[in-house]
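Here is a briefing on how the parts of this model meet. Look over the sequence and structure, then read the points by topic.

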Amino acid sequence: MKHYLNINNLDNLQNTVQEAIELKKDELKFSELGKGKTICLLFFNNSLRTRLSTQKAAQNLGLNPIVMNFGSEGWQLEYEDGIVMNKDKAEHVKEAAKVIAQYCDIVAIRAFASLTDKEKDLAEVVLNNFKKYAGIPVVNMESAVGHPLQALADAISMEEIKVPHKPKVVLSWAPHPRALPHAVANSFVEMMQLQDADFVITHPKGYELNPEVTKDATIEYDQKKAFESADFVYVKNWSSFNDYGKVVCTDEKWMIDADKMSVTNNGKFMHCLPVRRNVVVADEVIDSENSIVIEQANNRTYAAQIVLKKILEDI
Amino acid sequence: MKHYLNINNLDNLQNTVQEAIELKKDELKFSELGKGKTICLLFFNNSLRTRLSTQKAAQNLGLNPIVMNFGSEGWQLEYEDGIVMNKDKAEHVKEAAKVIAQYCDIVAIRAFASLTDKEKDLAEVVLNNFKKYAGIPVVNMESAVGHPLQALADAISMEEIKVPHKPKVVLSWAPHPRALPHAVANSFVEMMQLQDADFVITHPKGYELNPEVTKDATIEYDQKKAFESADFVYVKNWSSFNDYGKVVCTDEKWMIDADKMSVTNNGKFMHCLPVRRNVVVADEVIDSENSIVIEQANNRTYAAQIVLKKILEDI
Amino acid sequence: MKHYLNINNLDNLQNTVQEAIELKKDELKFSELGKGKTICLLFFNNSLRTRLSTQKAAQNLGLNPIVMNFGSEGWQLEYEDGIVMNKDKAEHVKEAAKVIAQYCDIVAIRAFASLTDKEKDLAEVVLNNFKKYAGIPVVNMESAVGHPLQALADAISMEEIKVPHKPKVVLSWAPHPRALPHAVANSFVEMMQLQDADFVITHPKGYELNPEVTKDATIEYDQKKAFESADFVYVKNWSSFNDYGKVVCTDEKWMIDADKMSVTNNGKFMHCLPVRRNVVVADEVIDSENSIVIEQANNRTYAAQIVLKKILEDI
């Protein structure tokens with residue numbers, strides 16, 4: 001594998017999930033693979049899980065991580081071609097990407113959606129410019145439109161539980177006071193499209209995700225009906241895609257509570273975290289035995305580690 | 001040892017001090033002990049000595065340090081139970097602590113007192129919530145009410161000098177333009193309570209420390225009288241405990257100068273640093289041969305290293 | 001070598017350049033040299049190339065890097081002697097430097113010119129105080145008046161191309177919207193004074209560099225005339241030295257374009273980066289085959305590595 005920008009960059013999701021589960025049993029097995037090699041982790045946005053788990057994964061592979069908060073520690077980047085750079089941007093991504101590639105073997109990037117410029121967000125300006133100019137493998141640590149390391153960790157988490165039948169998986173929108181990006185939801189949908197499952201998306205009208213991502217996925221506007229017999233309920237807030245970046249509904253009735261979970265098939269509660277308790281999900285649900293959010297976070301290490309392993313093997 | 005939250009978590013202070021002095025002679029002796037293990041250093045506040053010495057100590061033990069400025073790089077944490085999280089806090093400590101524990105074997109935390117909410121500060125909300133939820137060893141890198149790594153370094157520094165009699169040790173308040181926490185003073189008092197010494201605390205009226213910490217310690221309001229025949233003078237500013245977090249006196253006469261030191265028994269000047277010259281202490285004292293502030297800072301490495309060694313041996 | 005504060009700290013520039021070129025062919029050859037030793041990288045200013053390349057160089061030598069953003073993560077430092085520290089500075093450089101030296105074997109520092117206090121800038125207050133008090137080797141990662149790691153990388157880059165005659169090298173000022181320091185230009189001039197070359201400096205009147213640095217260097221106020229037959233054109237903006245820190249001209253005609261480069265001897269375009277495209281240099285020049293800016297950035301690693309190697313060999 002050259003880059004990991006999207007879950008579809010994996011040759012085979014199911015095999016990768018199995019390999020990650022194997023790796024988790026003996027996480028230092030390939031601790032010589034990255035020796036003498038360096039990964040730069042560039043953060044244009046805050047992070048807890050991604051920051052720690054990707055460093056941990058790199059170190060498990062003997063790969064040397066250099067972490068940089070690009071916003072506060074580096075220079076503001078220009079992404080436009082042919083522009084006269086006499087304003088606030090001190091460096092062009094053409095130079096920045098090529099320069100960073102002189103110092104490391106892999107570059108991992110976190111750069112959230114603006115939620116103000118739909119066209120730019122959809123074009124994945126940061127990630128694609130680094131891919132174009134750096135010439136080294138690029139890993140997506142959550143971009144404008146995707147979070148494929150999270151989606152891979154989610155796939156690992158579901159496989160570890162494995163229900164003895166074709167599972168029913170629900171992706172449910174939940175309320176949130178702020179406008180959030182679509183990245184996690186998009187990558188979860190894309191990952192589910194590679195799985196043999198009964199997959200349903202539920203959200204209030206107006207929260208339809210990008211139809212180029214959801215394609216022919218089932219959308220059910222009645223949340224409780226969607227939850228019926230679900231084996232996994234994956235919860236996430238996102239802002240409107242049509243009315244781009246807007247909060248068009250904050251209906252508290254969409255919060256996940258025990259009553260809604262009661263119609264599932266003893267369903268597992270999933271969330272990528274951070275999560276706002278008693279806004280997105282009631283304490284009674286996230287604190288229940290059926291909540292697997294901590295194990296999802298744990299699997300972020302092994303998702304990153306299997307991805308970095310595949311990239312290192314191809315360098 | 002499981003956690004190191006307080007100097008009293010040590011089985012035996014005197015033995016630990018001796019072990020640290022041994023370690024200092026051969027600091028890479030246990031460089032295999034932490035191999036393949038990770039410590040997360042979480043900073044909610046600024047730091048120089050703690051940041052560098054704890055990293056150094058970890059590396060001396062082969063332990064991999066991951067440093068995170070939690071305030072600027074992560075998410076704002078909620079500590080209240082059962083709250084509806086629809087304001088500015090994006091993540092609950094319940095998740096944050098459990099998640100961080102997925103990526104490391106030990107977590108070390110710096111979270112200063114607010115000095116505005118006495119009850120919360122005394123409850124050690126940050127440290128105790130991490131202890132409660134993380135499930136891995138927690139190390140105090142200065143909390144609301146204690147700084148036991150500093151106190152252990154101070155004990156090492158006094159032992160290295162060792163006077164040939166029961167020492168007289170004075171903890172003296174000194175003026176400062178800002179309101180400072182009680183953590184360093186508290187831990188120094190608690191450490192002295194484990195020592196065979198003649199211990200006196202001196203400060204202006206109104207600066208009494210928490211009586212649950214000082215217990216039956218001798219308090220002498222006449223600073224110069226307190227200094228008489230002292231072998232060690234430990235200086236620190238703190239704000240009022242009774243009139244919580246307030247600066248109730250900035251009397252310049254309390255600054256430590258050569259005249260005051262002249263009544264000591266050739267006493268050593270100690271301070272945890274950073275220190276404001278010519279406010280807390282006159283140049284003539286901190287620059288004298290009797291100032292051991294740099295060696296105290298040096299011993300921060302060995303205090304942290306012996307603590308981490310004991311924790312690693314118990315994991 | 002004890003310290004690396006200035007290009008003149010090198011015993012012999014030409015030999016050092018050859019050693020760096022050898023090191024570049026086998027960058028992990030001395031990966032045991034720094035084992036068990038630590039370098040602190042202190043950043044008082046932002047950085048991309050210096051931050052990444054110095055870490056990379058340290059790791060190539062087995063040296064353990066600890067990075068600290070001194071401004072945001074530490075305490076504000078006082079540099080004046082004998083001052084009453086009752087304002088905003090919490091720690092004196094005397095303590096900070098000595099303390100940092102307890103935790104590392106080498107300290108590298110980036111502290112830009114203020115451009116407001118000429119006397120202080122020329123006195124290299126930060127660097128010289130650390131040199132005076134730390135007692136361990138100090139490396140300049142760009143100070144008020146010099147950037148000798150950049151100058152060494154530039155020397156390496158020119159040697160790699162090597163023209164078959166005494167080269168003509170031009171240092172050209174170029175326009176920029178902001179006031180920039182003289183550090184890069186100064187160190188380039190000092191490096192060129194150690195080379196057998198025909199060296200010309202060109203800039204608008206009013207942009208004369210410090211005459212104590214340029215000494216008897218040729219200054220040509222006609223930029224195009226200066227460029228005639230040049231083998232290397234090194235471009236950099238700087239603010240006025242006489243009218244200290246002021247932008248006295250932003251004449252767009254001084255931008256480097258293909259027309260100007262056409263009168264050179266197939267000259268190479270050089271810049272330390274970051275660079276503002278179409279302000280300092282036209283896209284057509286920086287994107288041409290004759291632009292060697294990326295290789296200059298690459299050579300920052302080997303400049304830092306040869307410097308650290310020499311220091312480690314002398315500890």
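**Contacts between and within chains**

Glu91(A) and Arg49(C) join their side chains in a salt bridge, with N and O 2.8 Å apart. A salt bridge here is a side-chain nitrogen of Lys or Arg within 4 Å of a carboxyl oxygen of Asp or Glu. The model is predicted: local features need pLDDT of at least 70, side-chain atom pairs count only at pLDDT 80 or more, and totals for chains, interfaces and linings use all residues. Residues are numbered from 1 along each chain as its sequence is written, chains are lettered from A and ligands numbered from 1 in the order in which they are written, and side-chain values use heavy atoms, with hydrogens and water left out.

**Chain C against chain A**

- Chain C and chain A have 4 salt bridges between them.
- The interface of chain C and chain A also holds 13 residue pairs in polar contact, both residues at pLDDT 80 or more.
- A polar contact is a pair of N or O atoms within 3.5 Å; within protein, one must be able to donate a hydrogen and the other to accept it, and residues adjacent in sequence count only if both atoms are side-chain atoms.
- On the chain C side, α2 (49–60), α12 (283–286) and α13 (293–314) are the elements that give two or more residues.
- Helices (H or I, at least four residues) and strands (E, at least two) are DSSP runs, numbered from the N terminus.
- α2(C) supplies the largest share of that side, 7 residues.
- The chain C side divides into 12 nonpolar, 9 polar and 10 charged residues.
- Ala, Val, Leu, Ile, Met, Phe, Trp, Tyr, Cys and Pro count as nonpolar, Asp, Glu, Lys and Arg as charged, and the others, Gly among them, as polar.
- In contact are 31 residues from chain C and 30 residues from chain A, where contact means heavy atoms within 4.5 Å.
- About 2,700 Å² is buried between chain C and chain A, 56% of it on carbon and sulfur atoms.

**Two domains in chain A**

- Chain A is assigned domain 1 (7–146 + 300–314) and domain 2 (150–296); the bounds come from an automatic or database domain assignment.
- The C-alpha centres of the two domains lie 26 Å apart.
- Domain 1 brings 29 residues into contact with 31 residues of domain 2.
- The two domains bury about 2,300 Å² between them, and carbon and sulfur atoms give 64% of that area.
- Ile7(A), Leu115(A) and Lys118(A) supply 28% of the area that domain 1 buries against domain 2, more than any other three residues.
- The domains share 2 salt bridges.
- Glu160(A) forms a salt bridge with Lys24(A), with the closest N and O atoms 2.6 Å apart.
- The elements that give two or more residues to the domain 1 side are α1 (13–25), α5 (118–122) and α13 (293–314) of chain A.
- α1(A) gives the most to that side, with 8 residues.

**Salt bridges over all chains**

- The whole structure has 55 salt bridges over all chains.
- Glu73(B) forms a salt bridge with Arg51(A), the closest N and O atoms being 3.3 Å apart.
- This pair crosses between chains, from α3 (residues 70–73) of chain B to α2 (residues 49–60) of chain A.

Technical notes: Buried area = accessible area lost by both parts, 1.4 Å probe.
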